[in-house]
Amino acid sequence: MLLAQPGHIDHIKRKNAGMVYQLIDQLGPISRIELSKHTQLAPASITKITRELVDAHLIMETEIQESGSRGRPAVGLVLNNDGWQFLSIRLGPGYIVLALHELSGAIILKDKFDVPQMAQDELVSLLLNHVQQFFARHNKKIERVTSIAVSVPGLVDHRQGVVVSMPYYGVENLQLGALLHRETGLSVFVGNDIRSWALAEKLFGKAINSNSAVLVSAHHSVGAGILVDGRILEGQLGNIGELGHIQVKPFGRRCVCGNSGCLETVAGLQAVIEDAETLVKQVTQRV
Ligand SMILES: [Zn+2]
């Protein structure tokens, strides 16, 4: 006798609903018949799943006029982003930006604060404080918040939500995802800032039609996000694309990573400012 295992059935249901939602996100407006073809799920299952998603205010119906057809417009499904939000946190060298977004990514409101260099424990309390205060300050604008997306400069194990190292703040092995989840109960995604940016270019920006691309950033820090076969390259240690830490001057300036003469010590914002200041001094002394 075959015994049904509710756990497994639940899991399959959730997976199917997730797959349908993702297809509507990517291809919507899309008809139920098209969804059935793409997912290879029976039309009856699609009807049931989409009814549940409509009831949960996750998707909604819209009219689609198929090209070439002059008949009645068909019914298509699109995401219903109304009232669904997420919080993004961007921690950079010396600053933090917290923003509330619609699920589509559009920014509803944004706050920026200075963050001085400090010890790991202090940084954690400061972060948690900022999140609490953000929710308190904007409680009138906040609706259904689904998740928190965090991007930081440094090595990140995004699968575990762990900041492996963030030299600017002296952070090592910080379980940031788990900490924020415990504090808020929300799903938390943690990523390296430049790789997250490269992923955003793939999903919404310049790389939307290409599966392989390299994004190079030379701002506060120097780094790269590498996209291969539509996925961000990370490596076991999350350290692929650490362009800024390739040694270009063997006896150059000391870098935050501990080595000397890294590309970042030549082309990073701080280095460029210091070099410019030195040059200005030399010129004015000569005059
Ligand atoms: Zn370095």
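This report covers the domains, the zinc site, the backbone, the salt bridges and a surface patch of one predicted model.

Local features need pLDDT of at least 70 and side-chain atom pairs count only at pLDDT 80 or more, while totals for chains, interfaces and linings use all residues. Residues are numbered from 1 along each chain as its sequence is written, and side-chain values use heavy atoms, with hydrogens and water left out.

## Domains

The protein is divided into domain 1 (9-79), domain 2 (84-195) and domain 3 (199-270). These bounds come from an automatic or database domain assignment. Between domain 1 and domain 3, the C-alpha centres are 39 Å apart.

## Zinc site

Four residues coordinate the zinc ion: His-245 through ND1, and Cys-255, Cys-257 and Cys-262 through SG. The distances run from 2.0 to 2.4 Å. Donors here are N, O and S atoms within 2.8 Å of the metal (3.2 Å for Na, K and Ca); water is not among the atoms, so sites may look incomplete. Along the chain, the zinc donors follow the spacing H-x9-C-x1-C-x4-C. His-245 and Cys-257 both lie in the loop between β13 (231-232) and α7 (264-267), so this pair ties together parts that are twelve residues apart in sequence. Helices (H or I, at least four residues) and strands (E, at least two) are DSSP runs, numbered from the N terminus.

Why is the arrangement tetrahedral? The four donor atoms subtend angles of 105 to 123° around the zinc ion, which makes it so. Four donors count as tetrahedral if all angles lie between 85 and 135 degrees. The ideal angle for four tetrahedral donors is 109.5 degrees.

His-245 counts as partly exposed, at 23% relative accessibility. Cys-257 is also in this class, at 37%. The classes are buried (under 20% relative accessible area), exposed (over 50%) and partly exposed (in between), with a 1.4 Å probe and protein chains only.

## Backbone

The peptide bond from Gly-28 to Pro-29 is cis, with omega near 0°. Pro-29 sits in the loop between α1 (6-27) and α2 (32-39).

For His-57, a residue other than glycine, phi is near 60°. His-57 belongs to the loop between α3 (43-55) and β1 (59-64). Its relative accessible area is 43%, so His-57 is partly exposed. For Asp-229, again not a glycine, phi is near 50°. Asp-229 is in the loop between β12 (222-228) and β13. With a relative accessible area of 65%, Asp-229 is exposed.

## Salt bridges

How many salt bridges does a search of the whole structure find? It finds eight. A salt bridge is a side-chain nitrogen of Lys or Arg within 4 Å of a carboxyl oxygen of Asp or Glu. The table lists some of them.

| Pair | N to O distance |
|---|---|
| Glu-52 and Lys-48 | 3.4 Å |
| Asp-157 and Arg-159 | 3.9 Å |
| Arg-253 and Asp-275 | 2.5 Å |

Arg-253 lies in the loop between β13 and α7 and Asp-275 in helix α8 (residues 269-286), so their bridge ties together parts that are 22 residues apart in sequence. Arg-253 is partly exposed at 32% relative accessibility. Asp-275 is partly exposed too, with a relative accessible area of 34%. A network of salt bridges links Arg-253, Glu-274 and Asp-275.

Glu-52 and Lys-48 are four residues apart in helix α3, so about one helical turn separates them. Glu-52 is partly exposed, with a relative accessible area of 46%. Lys-48 is partly exposed at 41%.

Asp-157 counts as partly exposed at 23% relative accessibility, whereas Arg-159 is exposed, with a relative accessible area of 58%.

## Nonpolar surface patch

Which residues form a nonpolar patch on the surface? Leu-199, Leu-203 and Phe-204 do, with about 320 Å² of accessible area together. Patches are made of residues with over 30% relative accessible area and no salt bridge; like charges are joined within 9 Å, and nonpolar side chains (Val, Leu, Ile, Met, Phe, Trp, Tyr) within 5 Å. Accessible areas come from the Shrake-Rupley method with a 1.4 Å probe; for residues, only the protein chains shown count as cover. Phe-204 is in helix α6 (residues 193-204). At 63% relative accessibility, Phe-204 counts as exposed.

Key. Four donors count as tetrahedral if all angles lie between 85 and 135 degrees; four count as square planar and six as octahedral if opposite donors are over 155 degrees apart and all others between 65 and 115; anything else is irregular.
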